[in-house]
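Dear colleague,

Please find the structure we spoke about below, together with its sequence. My notes on what was found follow it, and I would be glad if you read them with the model open.

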Amino acid sequence: MEPSCEIVRQALDESGGDPMMLGEASRRHLAACRRCAREAAAARRLRELLDAAVPPADPVLRERIMARLPARSRVRLLSLVPAAVGGLLLAGGAAAVGGVPGAGLAAMAPGISVGAGLAAAGGIGGLVNAGAVALQAIHTVVPRVVPLVAGGAAGLGAALIALGARRLGRSRA
Amino acid sequence: MRERKPSPTDEELAAWAAAGDREAFGLLVERYQRRLTGFLAQIVGDLELARELTQETFIRVWGALGRFDDSYRFSTWIFRIAHNLGVDHLRRRRVPTTSLQVEDRDGRETQRDLEDRGRDPLGHLENRELAEALRRSIEMLRPEYRELVLLRHFAGLSYREIAELEDMPLGTVKNKLFRAHSVLREALAEYL
């Protein structure tokens, strides 16, 4: 089936007026249709004009760009930053929840200090009772919050390590 | 530099450059610098500034190669970075879109005499009247058409690449460019 003028003109527009880019049926149509042939010529001239409108390459730009490139090792080191932060978070989180032998003391520290505070406060008398109640509340809440925060930090740390490993893997690929 | 086939793809060059192969990156610079500058010059309206932004684009690309997802085309990735840089620059500096038309003391519109024709994105065209007509024609296009014309003719992207970059169906890109070309041909009829 012969393509319509509209189809041929759309194809000419895409090809920048180059008939060689058209299918055989469209080329036959073009050879027989004066209006489409005029469209082809106009499309070609517009493409040539737009091609000429792109400024010529700057001969020194490449050297300037290459001279400004930082060393790849620096880029690689930067890609390790998330992994390093992740490592610290993971270690800190694990220590806080007692995952590292001996480091569980860190998790107990708030409890010890709060207990000491309560004892001291009790000795001073009634006026300090309000403070003691507040400390008691902290004593109750802190041990619950610490594992949550530490767990979150450990999770975030693990994710950052995975991200860093992926980046490093890609830059080596 | 590693042994490579005669004409590596952009994506292959990008992978080698990500591993530290500067020569591979140099080839990418050669392939893209003219098109990037032409594209950016049309966005910011200043050729010198476009060259600076072209440098900046390549520096960013070099730093971000590790994050390049090779399931996409390198061409669309680099032009997206360039486009964002150009638009950010316009927002930051509030650079006016260049209009070479100014009014003289009597209120008549006259063409601004560019002190440095080297800054004019179309300054290399010898026919100044044609250059001015072309500049006006591109400027008067609807923004969505203008964007596609810049990507097609100044960035040199294929219809498929434009569709990917603009996240637009291929048919829509074809239709819009067809209309944009019709507008341009009408506006430039006396020169075509």
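In this predicted model, the contact between the two chains takes 31 residues from chain A and 39 residues from chain B. On the side of chain A that touches chain B, the elements that give two or more residues are helix 1, helix 3, helix 4 (61-68), helix 5 (72-96) and helix 7 (129-172) of chain A. Helix 3 of chain A gives the most to that side, with eight residues. Sorted by class, the side of chain A that touches chain B has 17 nonpolar, three polar and eleven charged residues.

Two of the helices just named also meet within their own chain. The axes of helix 1 (residues 5-15) and helix 3 (residues 34-53) of chain A come within 9 Å and cross at roughly 15°; since angles under 35 degrees count as roughly parallel, helix 1 and helix 3 of chain A are therefore roughly parallel to each other. Their crossing is right-handed. On helix 1 of chain A the residues that take part are Cys5(A), Val8(A), Arg9(A), Leu12(A) and Asp13(A), and they meet Arg35(A), Cys36(A), Glu39(A), Ala40(A) and Ala43(A) in helix 3 of chain A. By class, this contact of helix 1 with helix 3 of chain A has six nonpolar, no polar and four charged residues.

Turning to chain B, its secondary structure comes to eight helices and two strands, and from the N terminus on the elements run α-α-α-α-β-β-α-α-α-α. Chain B has 192 residues, of which 36% count as buried. Among the contacts in chain B with a separation of 6 or more, 57% are accounted for by residues 24 or more positions apart.

The buried residues in helix 3 of chain B are Leu47(B), Ala50(B), Arg51(B), Leu53(B), Thr54(B), Gln55(B), Thr57(B), Phe58(B), Val61(B) and Trp62(B). Which elements do the buried residues of helix 3 of chain B pack against? Within chain B they pack against helix 2 (22-44) and helix 4 (74-93), and from chain A they pack against helix 4, which is also among the elements on the side of chain A that touches chain B.

With best wishes

Methods: Residues are numbered from 1 along each chain as its sequence is written. Chains are lettered from A and ligands numbered from 1 in the order in which they are written. This is a predicted model: local features need pLDDT of at least 70, side-chain atom pairs count only at pLDDT 80 or more; totals for chains, interfaces and linings use all residues. Axes are lines fitted to C-alpha atoms, for helices over the stretch in contact, and angles run from 0 to 180 degrees between N-to-C directions. Helices (H or I, at least four residues) and strands (E, at least two) are DSSP runs, numbered from the N terminus. Angles under 35 degrees count as roughly parallel, over 145 as roughly antiparallel, 65 to 115 as roughly perpendicular and the rest as oblique. A crossing is left-handed if the near helix is turned anticlockwise from the far one by less than a right angle, and right-handed if clockwise. Two residues are in contact if their C-beta atoms, placed from the backbone, lie within 7 Å. Ala, Val, Leu, Ile, Met, Phe, Trp, Tyr, Cys and Pro count as nonpolar, Asp, Glu, Lys and Arg as charged, and the others, Gly among them, as polar. A residue is buried if 20 or more other C-beta atoms lie within 10 Å of its own, exposed if 12 or fewer, and partly exposed in between; C-beta atoms are placed from the backbone.
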